[in-house]
Amino acid sequence: YIASLDQELGRLLDALESGGFFENSYIIITADHGEMFERGEKGHSTPLLYDPVIHIPLLISAPGQKTRRDIYTPTNAVDILPTFAHLTGNPLPAWTDGKPLPGLGGEEDYERSLYSVEAKLSPANGILNKATVVLRKGDRKLIYYTGYEAEDSFELYDLSENIEELHDLHPDQPAFAKQMKEELLEAFFEANKK
């Protein structure tokens, strides 16, 4: 599948280049989610939001760009719309939660609060009664599970020391976990009001 996709993207990019579109167009390649084939999980049936699921590719080629530039600041898919509003001289929509991406009009902010949500078992137009919510802030990541068991649960990881998210720090760091919990729950309950 990967080789086939790579070949087809190559054909598309070759056609865009030979048509002269690279000189005045932004080319974006991204995805809506990653994949996780570990911990017994396959496909889209998991409520888990470990990094293999939420760390998605984002490749952007600017008009006339000839060299590669890597950005390592954590960002979010909601940043794509404000980035292109900014690049095209349009105002940022008031309803967007995103910010322009670093290197394309935005600033690097390693401590920005970033959220990811998985709620496919909640009603489409109702409150999120069964969901997994992630708050990432710097190298810390808090995962909140609600509606799956009788009691909600949390996991806390330090991604700088535990990239595979195998050692849950939640029980060991109650003070730090408390801060992140308060921020996550406030954002979650606010989102559920809308």
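Student: How far apart in helix α4 are Glu 182 and Lys 178?

Tutor: Side chains of opposite charge can pair when their charged atoms come close. Glu 182 and Lys 178 are 4 residues apart in helix α4, which means that about one helical turn separates them, and their side chains meet in a salt bridge at 2.7 Å, N to O. A salt bridge here is a side-chain nitrogen of Lys or Arg within 4 Å of a carboxyl oxygen of Asp or Glu, while helices (H or I, at least four residues) and strands (E, at least two) are DSSP runs, numbered from the N terminus. This is a predicted model, in which local features need pLDDT of at least 70 and side-chain atom pairs count only at pLDDT 80 or more, whereas totals for chains, interfaces and linings use all residues. Residues are numbered from 1 along each chain as its sequence is written, and side-chain values use heavy atoms, with hydrogens and water left out.

Student: Which residue forms a salt bridge with Asp 51?

Tutor: The partner of Asp 51 is Lys 141, with the closest N and O atoms 2.8 Å apart. This pair links distant parts of the chain, since Asp 51 is in helix α2 (residues 51–54) and Lys 141 in strand β5 (residues 140–146), 90 residues apart. Asp 51 counts as buried at 9% relative accessibility, and Lys 141 is buried at 0%, where buried means under 20% relative accessible area, exposed over 50% and partly exposed in between (1.4 Å probe, protein chains only).

Student: How many aromatic pairs does a search of the whole structure find?

Tutor: A pair of aromatic rings is described by the distance of the centres and the angle of the planes. The search finds 6 aromatic pairs, counting rings of Phe, Tyr and Trp (its six-membered ring) with centres within 6.5 Å, where planes under 30 degrees apart are stacked, over 60 edge-to-face and the rest tilted. One of them joins Tyr 26 and Phe 84 edge-to-face, at 5.2 Å centre to centre and 80° between the planes. Tyr 26 lies in the loop between α1 (2–18) and β1 (27–30) and Phe 84 in helix α3 (residues 80–87), so the pair ties together parts 58 residues apart in sequence. Tyr 26 is partly exposed at 33%, whereas Phe 84 is buried at 18%.

Student: Where is Glu 161 found?

Tutor: Glu 161 is found in the loop between β6 (153–158) and α4 (174–193), and Glu 161 is exposed, with a relative accessible area of 70%.
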